[in-house]
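Hi,

Here is the structure I promised to pass on. Have a look first, and my notes follow below.

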Amino acid sequence: MTATAPATAPPSPAPAKPRRNWVALAVRRGAAVWFIVAALIIVLSVLRGEGFWSTGNIAALLTSAVVLGLVALGQHTVILSGGIDLSVGSNVTITCLLTAVLIDAYPIRTAPVLIGMLALGALIGLVNGVLVTLLNMPPFIVTLGTFYLVGGAALWISSTPAGQVTSALSDFAFARLGPIPLTFLVLVVAVAALWFLLTRTVWGKAVFAVGGDLHSARAAGISTNRVLIWVYVVSGILAAIGGILLAARSSIGSPTAGAGLELSAITAVVIGGTSLLGGRGTLLGTMGGVLLLSLITNSITLLQFPSTITDLIRGIIIIAAVAVFVAKRRR
């Protein structure tokens, strides 16, 4: 009697590899916005090649990115920690106004006033951080309150353009190395410094941890209050630098210098792939968002669209970009 050989079972199919959504991954890593920037640059090169690549236009493009970039860096750090800072626009306004009013064309006042403005920016951030952490108040409400408080103080100081910076400060604002403004180098240094703080220090890793899960970070022994307070202080200092550079650029102080910057900065951070829930985002993406917004403004000028529809075009592009990017990031 011979044994019957058991039937050989058909080989089970290999488990399918999960399909990666490269678009969503590019959005998370902050690379997607740079593809949009590259596409826009190609379009502008075709339509206005000589005008777009002229030294003057490149300098104007980079100059327009400086203040927005500084404010967006601070906003990026705050959003990484799970918060939001609506006071940065008013911070820029009051530091711009006070820089010009207090210097008032006296060179001897320049150094102490600049140090004072950095201290003022840090103080505004400190107030935000203390109210958010020690009183456990929502960041949106706290920073909205300081937004109105600081903005009202600026209007109380002067409701019209006032003061004057020194010629040396103004010369620095307009100085260039070829097409690259010196003020743009300030932004480059700020990006490098913040990149180091966020990726190479314990504090930076704590910012990601706090933004990812506040309770877990606290349970792990992280001093979450200290981390959050410093996040808002950093944001305040960066906004103050933006205000100083705006005063240097315009030579006078304006009570509306920083109007709308808080929303533009949030937009740049979001389309750069940073999660509004905190804990995830890259400086690469945020800087791509800043360049995209600056390119939109630059293209409106180059293509000679009527100024009356400038905000309309900008709004449509921003809403479309944010809608696409947020939808892809959720996948």
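The protein chain has 14 helices and two strands; these are DSSP runs numbered from the N terminus (helices H or I, at least four residues; strands E, at least two). Keep in mind that this is a predicted model, where local features need pLDDT of at least 70 and side-chain atom pairs count only at pLDDT 80 or more, while totals for chains, interfaces and linings use all residues. Residues are numbered from 1 along each chain as its sequence is written, and side-chain values use heavy atoms, with hydrogens and water left out.

Of the 331 residues in the protein chain, 45% are buried (under 20% relative accessible area, 1.4 Å probe, protein chains only).

Now for two helix pairs. H3 (residues 55–80) packs on H8 (residues 182–200) at about 15 degrees, with the axes 8 Å apart. Axes are lines fitted to C-alpha atoms over the stretch in contact, and angles run from 0 to 180 degrees between N-to-C directions. H3 and H8 are therefore roughly parallel (angles under 35 degrees; over 145 is roughly antiparallel). Their contact (heavy atoms within 4.5 Å) includes Leu62, Ala65 and Val66 in H3 and Thr183, Phe184 and Leu187 in H8.

The other pair is H4 (residues 88–103) with H5 (residues 110–133), at an angle of about 160 degrees and with axes 10 Å apart. That makes H4 and H5 roughly antiparallel. Among the residues in contact are Asn91, Ile94 and Thr95 of H4, and Thr110, Val113 and Leu114 of H5.

Cheers

Note on methods. Angles under 35 degrees count as roughly parallel, over 145 as roughly antiparallel, 65 to 115 as roughly perpendicular and the rest as oblique. Buried means under 20% relative accessible area, exposed over 50%, partly exposed in between (1.4 Å probe, protein chains only).
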